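Q: I'd like to learn how to read a structure like this one, feature by feature. Could you walk me through it?

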Amino acid sequence: MGSKPPPPPQPSVSFKLVLLGDGRVGKTSLVLRYVNDVFSDKQEATVQASYLTKRLVVEGVPIMLSIWDTAGQEKFHALGPIYYRDADAALLVYDITDNDTFLRVTKWVKELKQMANKDIVMAIAANKSDLVRSKHIDTNEAASYAESIGATLFVTSAKAGTGIDDIFSDIAKRLLEKRKNSSDGLSLAHPKKGILIVDDEPEKEPPPKCCS
Amino acid sequence: MESPTSPASRLDFYDFIGRMRRPAAADLFHSIRSFLASLSQAGEPNAEVDGGRVQTFFAEMETAIRDHPLWANATNQEIDNALEGLEKYIMTKLFDRAFASSAEDVKSDIEISEKIGLLQHFVRPHHLDIPKLLHNEAAWLLAVKELQKINSFKSPREKLSCIMSCCQVINNLLLNVSMSNDRTLSGADDFLPILIYITIKANPPQLHSNLKFIQLFRRETRLISEVEYYLTNLISAKMFIMNVNGHSLSMEESVFQTHMESARLGNHTSVASTSSSQGLGTSTTGLNEESGDTEGLKFPFMDSETESLTPAEVKQLHELYRQVVTRYMLLSKALRKLSVDEDQLLNSVDD
């Protein structure tokens, strides 16, 4: 390889995160809020919400998260494995006011244990907390369930913007830890697909013109 | 995403061919020729095995091109262009061997195409939970056309571009709706159902083989991130269609079966167009909505003399009879559900 120009100095470590949650539990709003956070260093106009990317730095290591949204309606449930098969992380979202959506989460968790990557990092978002008037939100049961499966639970609200950064940085930290301990080490960004270089990102289409 | 037919894309390819003709590229050209020769002598085509060998060859050539004097001081983009040219060259040469070459692939293609042909008769947007707000025939038609172009190209990258263009049309629709209604941008909950509906309307030629071909032969290092996501969605749409049942279309299983049965009968009599093979001719049957003035075609025996019918025509007549009865039963049922009296309704229709 000798004579070629050296690659950009900071290749980021890339991870694939799959979003699972019943239809209309607000998983899209949640992730849009995260990706478009006005406080992030580099804001890009979002022209699509199904596939999103987010760059962040954890313990000095640049990380690139590819966020794969999935259709949450029950009728598409069987298609799940196609999306999560080789995912590094799963963010499971349920609506805090709707117990059925929590049951769907437990169903996905069972499947992930069987069919996904053995090392998959899981986190559960108890979403829409701003709709709950009472001061006391009982997430004890959900929290102990999360603990029992090696996941973490966060109470989130896309509207108020709470808990969102926390849940993603928790995921990123755990991902990085696992990658460090794995045989691949940090040098290999993705077992098969090679390194994704930040500066080499294909240009997204130009942001939509606003207020014209 | 750039269009596969864009001037830039063609330029890459001609530039690659041009460089390969130079004496300095003789070694690379030799590698390519001997690789192609070794594959064609490898006996019966096996797409998976061939795919592995092609991917290894792409990786070797990438190293060779990076170290080659002809690409000295070339930017990463220029090297990538050369590799795209290489993929197109190799896969065009290997196309007949690599694309839909096994009997199983041909069978899967026909099965999917026939199934979609049936679904086209009765699947409507609401069966897939597509919200009214997102109904947009013009945008859908555009997406359908993009997907139907897939067999106009032989390179994996260009085929993939058709899929990406189709998905981009859907995403543009979602973005427009979100902006003009001040509504949160739709995610996969809305995207996937629309893609499935578009796939049913388009009945893209050789869907199974096209997906397999892209997965096996698109340069591995380029089948990542966004492109991989959208390809996965089409694979997922295909899977949905293969396993479709009443539940997945929000209807009773018995109703679903009746729909499929009457669609089958309908297809028999209306000279169903079978799946078109690789080429420009793509099926557009899905786009022709049923029109009201086709009685003459649908019921050709209204004015025939019974005695003059041939045995073949009697058979055809019998099939038509079955179709008419099935439709009648369905309509009756529908009327009962609406609590409309059939005879009263018939009497109210004045000629």
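Predicted model: local features only at pLDDT ≥ 70, side-chain atom pairs only at ≥ 80, totals over all residues.

A: In soluble globular proteins, nonpolar side chains tend to be buried together. Here the largest nonpolar core has 87 residues, and those with the most contacts inside it are B:Leu119, B:Ile163 and B:Leu249. Helix H8 of chain B gives the most to this core, with 11 residues.

Q: Which residues is B:Leu119 in contact with, leaving aside its neighbours within four places in sequence?
A: There are six names to find on your screen: B:Ile200, B:Ile241, B:Val244, B:Leu249, B:Phe256 and B:Met260. One of them, B:Leu249, is also listed with B:Leu119 for having the most contacts inside the core.

Q: What does the second, separate core include?
A: That core has 35 residues, and A:Val35, A:Leu52, A:Leu65 and A:Phe168 are among them.

Q: Now the interface. How many residues of chain B are in contact with chain A?
A: A general idea to start: the size of an interface is often given as the accessible area lost when the parts come together. In this model, 45 residues of chain B are in contact with 34 residues of chain A. The two chains bury about 3,400 Å² between them, with 57% of that on carbon and sulfur atoms. B:Leu185, B:Asp189 and B:Tyr229 supply 19% of the area that chain B buries against chain A, more than any other three residues.

Q: How many salt bridges and polar contacts link the two chains?
A: The rule finds 3 salt bridges across the interface of chain B and chain A. In one of them, the side chains of B:Asp190 and A:Arg24 meet at 3.3 Å, N to O.

Q: Which helices make up the side of chain B that touches chain A?
A: Helix H8 (156-181), helix H9 (188-202) and helix H11 (225-242) of chain B each supply at least two residues. H11 of chain B gives the most, with 11 residues. By class, this side of chain B has 21 nonpolar, 16 polar and 8 charged residues.

Q: How should I read the backbone angle phi?
A: Most residues other than glycine have a negative phi. A:Arg24, the salt-bridge partner of B:Asp190, has a phi near 65 degrees. A:Arg24 sits in the loop between strand S1 (13-21) and helix H1 (27-35) of chain A. B:Ala100 also has a positive phi, of about 50 degrees, and is found in the loop between helix H5 (95-98) and helix H6 (103-119) of chain B.

Q: Are A:Arg24 and B:Ala100 buried, partly exposed or exposed?
A: A:Arg24 has a relative accessible area of 46%, so it is partly exposed. B:Ala100 is at 16%, and therefore counts as buried, because buried means under 20%.

Q: Where does A:Arg174 lie, and is it buried or exposed?
A: A:Arg174 lies in helix H5 of chain A. Its relative accessible area is 19%, so A:Arg174 is buried. Leaving aside neighbours within four places in sequence, A:Arg174 is in contact with A:Val121, A:Met122, A:Ala123, A:Gly150, A:Ala151 and A:Thr152.

Q: And what does the side chain of A:Thr156 make a polar contact with?
A: The partner is the side chain of A:Asn127, at 2.9 Å. A:Thr156 lies in the loop between strand S6 (152-155) and helix H5 (164-181) of chain A, and is buried, with a relative accessible area of 0%.

Terms used
Residues numbered from 1 in each chain as written. Chains lettered and ligands numbered in written order. Heavy atoms only, no water. Contact = heavy atoms within 4.5 Å. Buried area = accessible area lost by both parts, 1.4 Å probe. Salt bridge = Lys/Arg side-chain N within 4 Å of Asp/Glu carboxyl O. Helix = DSSP H or I, 4+ residues; strand = E, 2+ residues; numbered from the N terminus. Nonpolar A, V, L, I, M, F, W, Y, C, P; charged D, E, K, R; others polar. Core = buried A, V, L, I, M, F, W, Y, C linked by side-chain atoms within 4.5 Å. Buried < 20%, exposed > 50% of the residue type's maximum accessible area, 1.4 Å probe, protein only. Polar contact = N/O pair within 3.5 Å; in protein donor to acceptor, adjacent residues only side chain to side chain.
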